[in-house]
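Hello,

Here is the structure I promised to pass on. Have a look at it first, and then read my notes below.

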Amino acid sequence: MTTYGYWICNLQFDGDVYLTARDRMRGENAIKELEAEGLTPKFHLLEITDRDSVLEIKQFLMKTYGGVDAFVHNTAIAYKKSAYGMSKLGVIAFTRILSKKTKELDQVDVLTNCCSPGYVSTDMSSHKNPLTLDEGAITPTFLVKFPPNSDAPNGEFLYLKEVMKWY
Ligand SMILES: NC(=O)c1ccc[n+]([C@@H]2O[C@H](COP(=O)([O-])OP(=O)(O)OC[C@H]3O[C@@H](n4cnc5c(N)ncnc54)[C@H](OP(=O)(O)O)[C@@H]3O)[C@@H](O)[C@H]2O)c1
């Protein structure tokens, strides 16, 4: 599997790391590849457009762990170029809304950010982009590893670990 989401599971994280996929066989094959690298990620099915699937993993995580420390949403959305740009603008707007909502709910220890991985060689880019999966995973893994009680960045869009002005 060559999405940089797969490679994010490569991070050294003090806790359980779950890789999700909507296709069990592809997900389990990805787990085997990561195990061959000496990693120990776990697998759970997730189809993000299926509400039952989303609720199922939520219940599983709440029951097993009582919550999550970090969630990386890496799913590719919309493909035609104009729609693609709008979809990314939607992700940035959604990030800002989520960060604001969590502050309102007084969930003070939750940060919500989005990032660009750069031009990464993945299935989506038909392996024509120049960056490796390792390089694409740099900013997402940087965001996952913020220590508890960090208050920034929050509601931001990052590239190469830096907050970008996108407007
Ligand atoms: N690669 C780049 O150069 C680049 C640059 C800027 C931004 N991005 C963004 O980074 C994200 C990931 O890109 P990528 O290059 O890794 O894409 P990718 O190779 O197409 O991987 C996307 C992954 O999302 C999964 N997925 C799609 N729809 C799903 C659904 N409904 N439920 C669960 N999983 C689903 C796909 O699963 P299946 O295998 O089952 O299809 C695939 O494993 C995208 O949002 C992309 O726009 C990428």
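Before the notes, one term: two residues are in contact if their C-beta atoms, placed from the backbone, lie within 7 Å. Please also keep in mind that this is a predicted model, in which local features need pLDDT of at least 70 and side-chain atom pairs count only at pLDDT 80 or more, while totals for chains, interfaces and linings use all residues. Residues are numbered from 1 along each chain as its sequence is written.

With contacts defined, S125 is a handy place to begin. Leaving aside neighbours within four places in sequence, S125 is in contact with Y119 and V120. S125 sits in the loop between β3 and α5. Helices (H or I, at least four residues) and strands (E, at least two) are DSSP runs, numbered from the N terminus. S125 is partly exposed, with 16 other C-beta atoms within 10 Å. For burial, a residue is buried if 20 or more other C-beta atoms lie within 10 Å of its own, exposed if 12 or fewer, and partly exposed in between, with C-beta atoms placed from the backbone. The C-alpha atoms of S125 and K88 are 16 Å from each other, and these residues are 37 residues apart along the chain.

Now the overall picture. The protein chain has six helices and five strands, and along the sequence they follow the pattern α-β-α-β-α-α-β-α-α-β-β. The radius of gyration is 16 Å, close to the 15 Å that the globule rule gives for 167 residues, so the protein chain is as compact as a globular protein of that length. That radius is taken over C-alpha atoms, and the globule rule is 2.2 Å times the number of residues to the power 0.38. The C-alpha trace spans about 40 × 40 × 30 Å along its principal axes. Of the 167 residues, 17% count as buried. Among contacts with a separation of 6 or more, 53% come from residues 24 or more positions apart.

β1, α2 and β2 make a right-handed β-α-β unit; right-handed here says that, with the strands pointing away from the viewer, the path from the first strand over the helix to the second runs clockwise. β1 pairs with strand β2 (residues 42-45) in the parallel sense over four bridges, and T20 stands opposite H44 in β2. Two strands pair if DSSP finds at least two bridges between them.

Where is the largest nonpolar core? It is made of ten residues: Y6, W7, I8, C9, L19, A21, A30, I31, L34 and A137. The elements giving two or more residues to this core are α1 (4-8), β1 (18-21) and α2 (24-36). A nonpolar core is a set of buried Ala, Val, Leu, Ile, Met, Phe, Trp, Tyr and Cys residues joined through C-beta atoms within 7 Å.

There is also an open sheet of three strands in the order β3-β4-β5, with mixed pairing. β3 (114-116) and β5 (162-163) stand at the edges, each with a single partner strand, so one side of each is left without a neighbour in the sheet. Strand β4 (residues 157-159) pairs with β5 in the antiparallel sense over two bridges, and L158 stands opposite V163 in β5.

Helix α3 (residues 51-65) tells another story. Its 15 residues reach 21 Å from first C-alpha to last, close to the 21 Å expected at 1.5 Å a residue; the expected span is 1.5 Å times one less than the number of residues. How many of the residues of α3 are buried? The count is zero, and α3 is hardly covered. Just after α3, G66 takes a positive phi of about 80 degrees.

Finally, some backbone details to look at. Most residues other than glycine have a negative phi, and most peptide bonds are trans. H127, in the loop between β3 and α5 (133-136), has a positive phi near 60 degrees. H127 is exposed, with 10 other C-beta atoms within 10 Å. N149 also has a positive phi, of about 65 degrees, although it is not a glycine. N149 lies in the loop between α6 and β4 and is exposed, with 7 other C-beta atoms within 10 Å. P153 is found in the loop between α6 (138-144) and β4, and the peptide bond from A152 to P153 is cis, with omega near 0 degrees.

Best wishes
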